[in-house]
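Hi,

Here is the structure you were waiting for.

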Amino acid sequence: MTPIQLEHTAALLADMLTFKQPADAVLSAYFREHKKLGRQDRHEIAETAFAALRHYQKIAAVLRRPHAQSRKAALAALVLGRSVNIGKIQDLLDEEQTEFLSHLKARKAEFSDGLHTAAELPEWLIAQLQTHYSDEEILAFGRSINQPAPLDLRVNTLKNKRDKVLAVLQAEEPSAEATPFSPWGIRLKNKIALNKHDLFLDGSVEVQDEGSQLLALLVGAKRGEIVVDFCAGAGGKTLAIGAQMANKGRIYAFDIAEKRLANLKPRMTRAGLTNINPERISSEHDSRIARLTGKADRVLVDAPCSGLGTLRRNPDLKYRQSPEAVSDLLAQQHSILTTAAKLVKPQGRLVYATCSILPEENEHQVERFLAENPEFELLDSRELLAAAKVDLNTGQYLRMDSAVHHTDGFFAAVLQRK
């Protein structure tokens, strides 16, 4: 790392480590303000900043208020997160910083400050997880989400075939491989400039985690059906469902955020999909939803959640969430699921999903819903996946685990109106 790169990393971390804004938003804003930074500079700065987020517990154990000592935090990230030898950055260090890093390295092997330091998880989250999981499971989870995520792609079957796309990508990036579960997925260990790639520009591929692709498989949409994506966001799952339906039928993509739905429209065009109707709603109680009561063959509720399954991509999220925020989400999830269920016709399918690993947001929500809505029954996810020729058994519910499946953490339950 050059002195200039270190200076920029420290300036970025002074803002990022306050956790007032999402880290990717802080990073984007910083790069917009510093347009002269080259590609390699940006790479070094971003990698080191995110290494600081991933190792924040260990840094905070030896550095009081890391955001106020951001140069030291950046140096610690180089040593802890990027395995840089102290001798290689000696020209960046004064005597006191050299001593600080030597002390940090000496205690790296032990870090006996508790499970939160070893697992790189805040104490509030450790306490919540300990009500459901053993310390060994929590440590395995913490270590699995402390690795950067690979780049997962979904091949758009309307435009191309996975084998053909994989062959093209392997010629450029030998690490490219088919995902083990999703029949549409390709995984790249090394990220590429995808937004300029021909396969992206012609709509052959979209960025989508393999776990998210499996949710579309569980929806199981068929040609000519009416499908509702109740919390569509920017529409990754909507697009997968549209391709699954071979562009026949109708998908209603609802969301409360105009900006997210605006991002869906160019993606629809690129994917060659014309069967999607994006519509902004004010809340789950918007009167415009009522016209679909009892008419939908499939309804997907990818509910607003803590996002704790996505910590490989968003390591700052665990410091921007709180027990109070999770508690508020539980009430919102229950309300959305109850309202969305009204749209499902007899024999229709309701899929409830989150990218959380907390049972309070997952199994407990489904159990409560089934107790309150006896007209619905739980279908077996492993049987549905087996019917789709996916060799994956996580029980009745879909539970994707970063440590086991190398995807983001996902949960899904498939319900059917009797």
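One definition before anything else: when I say two residues are in contact, or touch, or meet, I mean heavy atoms within 4.5 Å. Please keep in mind that this is a predicted model, in which local features need pLDDT of at least 70 and side-chain atom pairs count only at pLDDT 80 or more, while totals for chains, interfaces and linings use all residues. Residues are numbered from 1 along each chain as its sequence is written, and side-chain values use heavy atoms, with hydrogens and water left out.

**The annotated pair**

Let me start with what the record says. UniProt, in an unreviewed entry, lists D255 and D302 under "binding site". The positions are given in the numbering used here, feature names are shortened, and annotations may be inferred rather than shown by experiment. The two are spread over 48 residues of sequence, yet they cluster in space, with a largest C-alpha distance of 10.7 Å.

D255 lies in strand β6, residues 250-255. (Helices, H or I with at least four residues, and strands, E with at least two, are DSSP runs numbered from the N terminus.) Is D255 buried or exposed? D255 counts as buried, because its relative accessibility is 6%; the cut-offs are under 20% relative accessible area for buried, over 50% for exposed and partly exposed in between, using a 1.4 Å probe and protein chains only. Leaving aside neighbours within four places in sequence, D255 is in contact with F230, C231, A232, G233, R260, L261, E279, R280 and I281. Its side chain also reaches the backbone nitrogen of A257 at 2.9 Å.

D302 sits in strand β8, residues 296-302. With a relative accessible area of 15%, D302 is buried. Setting aside neighbours within four places in sequence, D302 is in contact with C231, K237, A353 and T354.

**K237, the partner of D302**

The side chains of D302 and K237 make a polar contact at 2.5 Å. By polar contact I mean a pair of N or O atoms within 3.5 Å; within protein, one must be able to donate a hydrogen and the other to accept it, and residues adjacent in sequence count only if both atoms are side-chain atoms. K237 is found in helix α13, residues 236-244, and counts as buried at 14% relative accessibility. Leaving out neighbours within four places in sequence, K237 is in contact with Q208, S212, L215, D229, L300 and D302.

N247 is in the loop between α13 and β6. From C-alpha to C-alpha, N247 and K237 are 14 Å apart in space and 10 residues apart in sequence. The N247 side chain reaches the backbone nitrogen of N275 at 3.2 Å. Apart from neighbours within four places in sequence, N247 is in contact with L158, G242, G272, L273, T274 and N275.

**Two buried loop residues**

S204 lies in the loop between α11 (198-201) and β4 (205-207). S204 counts as buried, at 1% relative accessibility. Its side chain is joined to that of D202 by a polar contact of 2.8 Å. Not counting residues up to four places away in sequence, S204 touches R154, V155, N156, K159, N160 and L199.

D408 is in the loop between α19 (402-405) and β12 (410-417), and counts as buried at 4% relative accessibility. The D408 side chain makes a polar contact of 3.0 Å with the side chain of R312. Not counting residues up to four places away in sequence, D408 touches D209, G309, T310, R312, R313, M400 and S402.

**The wider picture**

The unreviewed UniProt entry carries the annotation "domain: SAM-dependent MTase RsmB/NOP-type" for residues 141-418. That span is 35% helix and 22% strand, and its end C-alpha atoms lie 37 Å apart.

Finally, a helix pair. Helix α3 (residues 39-54) and helix α5 (residues 70-80) pack at an angle of about 90°, with axes 8 Å apart. Axes here are lines fitted to C-alpha atoms, for helices over the stretch in contact, and angles run from 0 to 180 degrees between N-to-C directions. So α3 and α5 are roughly perpendicular to each other, a label for angles of 65 to 115 degrees; under 35 is roughly parallel, over 145 roughly antiparallel, and the rest oblique. T48, A51 and A52 in α3 meet A73, A74, A77 and L78 in α5.

Cheers
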